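The following report concerns a single protein chain.

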Amino acid sequence: MLTTIDLDDELIAKAQAYTGLEETTELVREALKALIQREAAKQLANLGGSQPGIKGAPRRSQEVE
């Protein structure tokens, strides 16, 4: 998909410095992947314990010496 976007030069420079990615297209692609992962994790965390009647997974007890 070809899209024209206006990017903040300072943000791009910081992101390139942190990631080592030189190409803007690759940088934006990785940024979108990170955003998707973060938001998916938030949604998953919000679901925690929300299913009625579900039993927790069995845990092995560990003996402390």
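Helices α1 and α2 (24-47) each contribute at least two residues to the lining of the second largest pocket. Helices here are DSSP runs of H or I with at least four residues, and strands are runs of E with at least two, numbered from the N terminus. A pocket is an open set of points on a 1 Å grid over the protein atoms alone, where a 1.4 Å probe fits, with protein on both sides within 12 Å along at least five of seven lines; lining residues have an atom within 4 Å of a point. The model is predicted: local features need pLDDT of at least 70 and side-chain atom pairs count only at pLDDT 80 or more, while totals for chains, interfaces and linings use all residues. Residues are numbered from 1 along each chain as its sequence is written, and side-chain values use heavy atoms, with hydrogens and water left out.

The second largest pocket is lined by Leu 7, Asp 8, Leu 11, Ile 12, Ala 15, Thr 19, Leu 27, Val 28, Glu 30 and Ala 31. The lining of the largest pocket consists of Met 1, Leu 2, Thr 3, Ile 5, Leu 7, Thr 24, Thr 25, Val 28, Arg 29, Ala 31 and Leu 32. In the table, a volume is the space filled by probe spheres set on the points, which are joined across faces, edges and corners. Ala, Val, Leu, Ile, Met, Phe, Trp, Tyr, Cys and Pro count as nonpolar, Asp, Glu, Lys and Arg as charged, and the others, Gly among them, as polar.

| Pocket | Volume | Lining by class |
|---|---|---|
| Largest pocket | about 320 Å³ | seven nonpolar, three polar, one charged residues |
| Second largest pocket | about 190 Å³ | seven nonpolar, one polar, two charged residues |

Helix α1 covers residues 9-19, and one of its eleven residues is buried, that is, under 20% relative accessible area, against over 50% for exposed and in between for partly exposed (1.4 Å probe, protein chains only).

The protein chain contains two helices and zero strands. Its radius of gyration is 21 Å, whereas a compact globule of 65 residues would have one near 11 Å; the radius is taken over C-alpha atoms, and the globule rule is 2.2 Å times the number of residues to the power 0.38. The C-alpha trace spans about 55 × 35 × 20 Å along its principal axes. Of the 65 residues, 5% are buried.

Gln 37, in helix α2, is exposed, with a relative accessible area of 58%. The C-alpha atoms of Gln 37 and Ile 5 are 22 Å apart, at a sequence separation of 32 residues. Met 1 lies in the segment before α1 and is exposed at 98% relative accessible area. From Met 1 to Gly 53, the C-alpha distance is 45 Å over 52 residues in sequence.
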